[in-house]
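Hello,

Here is the structure I promised to pass on to you. Have a look at it first, and then read my notes below.

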Amino acid sequence: MLEIRNLSLSIPVSGQHILAVSNVSLTLEAGKVLALVGESGCGKSLTAQSLLRLGEFQGVNKEAGDIVLHDKSLFDVSDEELRHIRGGVISMIFQEPMTALNPVFSIGSQILEVIHLHTELDKDAAVQRALALLADVGLQDGEQLMQQYPDSLSGGMRQRILIAMAMAGEPEFIIADEPTTALDVSVQKRIIALLRNLQREKGLGMLLVTHDFGLVAEMADEVAVMYAGEIVEQASVMDIFDKPSHPYTQALMKCRPEYTKDGQLAVIPGNVPSPGDWAQGCRFAPRCNQANQACSATPVSLDAWHSGAHQARCIRVDAS
Amino acid sequence: MSVLSVSHIRKVFKGGGFFAGGAEKVAVHDLSFDLARGETLAIVGESGSGKSTTARLAMRLLDADAGQVMWAGEDVSTLSGKALRKKRKHLQMVFQDPFASLNPKMKIVDTVAEGLRVHQPHLSSAERRLKVAETLQLCGLGEQALDRYPHQFSGGQRQRIGIARALIVEPEVLVLDEPVSALDVSVQAQILNLLKELQQEKGLAYLFISHDLSVVQHIANRVMVMFAGFVVEEGAIEDVFKHPKHPYTKSLLDAKPISHPSQRNDEDVLALDEGVASEGCAFALRCPIAKDECKSFDMRMKDRVACLFPL
């Protein structure tokens with residue numbers, strides 16, 4: 001199990017640290033896909049990157065909370081252990097297949113590097129392993145492919161290669177940050193199916209970071225919706241689509257173009273607030289069409305409204 | 001009369017790069033379309049299908065190797081330099097990336113006013129400023145935006161600035177290349193609503209390039225589906241989306257993201273979506289119903305579709 005417990009993170013903005021993620025708790029379980037959904041600037045990628053302690057390279061500070069992998073804090077491990085965890089226990093698939101591969105090295109050398117990092121295989125065995133990994137992601141012509149360089153490959157093929165590399169260390173958990181946004185629709189569908197198959201077959205726990213409800217509908221078991229650095233709603237995927245309860249989740253769903261055939265699309269007035277500009281009390285209240293004075297009075301807890309495991313950070317769910 | 005008319009344009013790119021050895025790639029084959037006042041024509045297709053090249057040919061940002069481009073009934077295919085620049089007021093472009101398409105060192109008032117310096121050089125700077133303020137307001141931005149810089153705006157606001165910059169010279173046609181694909185869904189809705197309002201108010205015609213079929217279905221009247229430089233199907237949006245005739249159009253529609261988890265189904269994960277046939281129907285390699293005759297089909301449009309065995 002991989003748990004984020006009451007995590008708060010701050011980012012450097014012109015000389016000072018400003019809170020960007022506040023009091024987030026999430027649990028990744030083997031064989032389950034948890035989707036973390038929200039618009040740009042809500043803190044979802046920061047939260048996801050913290051699972052590999054990647055934010056530290058950009059000056060992200062942990063202000064409070066913990067990340068616990070199999071009962072051990074990720075902040076207590078040695079650098080050597082951390083290197084093993086990255087890719088060997090928790091792997092990441094990035095958004096941009098165009099930039100995540102190094103253009104000056106062949107595909108083969110980039111895959112073999114990852115294999116050598118995580119296994120003791122000799123050279124021949126490592127090549128066999130690379131071919132098997134490529135076959136797993138639908139790339140049959142592995143030997144020829146390993147000679148090629150990234151720029152001769154399509155976006156879909158590059159993303160398959162990145163997925164193969166993420167699998168090289170046989171991780172238990174995968175973090176996929178917008179894994180399909182840079183791809184064509186027809187390719188997207190195939191990559192989604194591929195990820196879902198690998199995840200099921202290998203019983204991976206997956207954190208899927210996305211702003212796309214289509215992708216959530218395709219892949220997720222559980223959904224957490226983030227707004228202004230905190231989780232505002234959490235539920236099973238069916239409950240999120242059938243009974244979205246937080247006004248922000250409802251509004252996000254309604255402004256999708258497929259929701260409105262003709263005429264005006266529903267909009268959320270205003271903009272996502274930057275870290276540091278969050279409202280007192282409910283952070284969504286300034287843009288919410290159901291808010292009243294009580295909403296801005298005090299901070300709202302995530303279980304302010306709940307029905308079974310379904311929670312929403314809103315005091316007006318039953319009123320509206 | 002159509003405000004934009006393109007007939008039989010063709011564009012070939014010579015192989016670039018030191019080692020490419022001059023291989024040629026036909027980016028657009030013999031393509032024609034008309035755009036009427038107040039109408040939205042969408043071009044859809046995957047990356048490499050030629051949709052952005054088509055937009056740039058229609059804009060005369062690229063020179064076609066054959067064919068004709070007419071703006072408001074006037075042949076502009078052979079114009080260049082100053083003569084072309086004067087006509088540009090008729091057709092303006094909005095780009096995908098509002099971050100990359102605004103000069104970070106210029107105030108918004110100066111960026112938006114650039115077109116005025118070319119097309120209305122007689123205006124005083126006070127008149128220009130007033131006109132910029134009016135246009136920004138039309139696009140939903142207040143006067144305080146005038147003296148700010150691009151980094152002080154969100155993605156959606158920058159796209160409003162990009163639209164204002166295009167509108168200020170009072171064009172009849174906007175060419176929009178993926179105008180909302182870099183935006184969050186809530187912001188995307190705001191921009192799509194703005195585009196619809198502006199169209200109704202001013203009778204603008206849009207050439208709308210997008211890979212997002214839900215967006216296209218919402219905003220367009222007609223659609224042109226491109227594959228490997230060919231138009232494979234075109235028609236009214238309801239006809240094409242409800243009753244696709246080309247197998248490629250159908251495969252695109254089938255790949256539309258689902259809108260509810262109950263619609264999940266498992267597909268063939270190992271098949272690759274790659275490959276374009278170099279002779280006959282370009283889609284034949286990927287087509288589920290291709291037959292031998294397709295290998296020699298010349299991809300001519302007939303009854304809105306370029307297919308020997310339409311669905």
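Among contacts in chain B between residues at least 6 apart in sequence, what percentage join residues at least 24 apart? The answer is 65%, where two residues are in contact if their C-beta atoms, placed from the backbone, lie within 7 Å.

Before the rest, a word on the source: this is a predicted model, in which local features need pLDDT of at least 70 and side-chain atom pairs count only at pLDDT 80 or more, while totals for chains, interfaces and linings use all residues. Residues are numbered from 1 along each chain as its sequence is written, and chains are lettered from A and ligands numbered from 1 in the order in which they are written.

Chain B has nine helices and ten strands (DSSP runs, numbered from the N terminus: H or I of at least four residues for helices, E of at least two for strands). Its C-alpha atoms fill a box of roughly 70 × 50 × 45 Å along the principal axes.

Now to where the chains meet: 37 residues of chain A are in contact with 32 residues of chain B. On the chain A side, H7(A) gives the largest share, nine residues.

That helix, H7(A), has 17 residues. Its buried residues include Val185(A), Ile191(A) and Leu195(A) (buried means that 20 or more other C-beta atoms, placed from the backbone, lie within 10 Å of the residue's own). Among what covers the buried residues of H7(A) are H6 and H8 of chain A, together with helix H7 (213–219) of chain B. Just after H7(A), Gly203(A) has a positive phi of about 60 degrees.

Best wishes

Technical notes:
Expected span 1.5 Å × (residues − 1). Buried ≥ 20, exposed ≤ 12 C-beta atoms within 10 Å, placed from the backbone.
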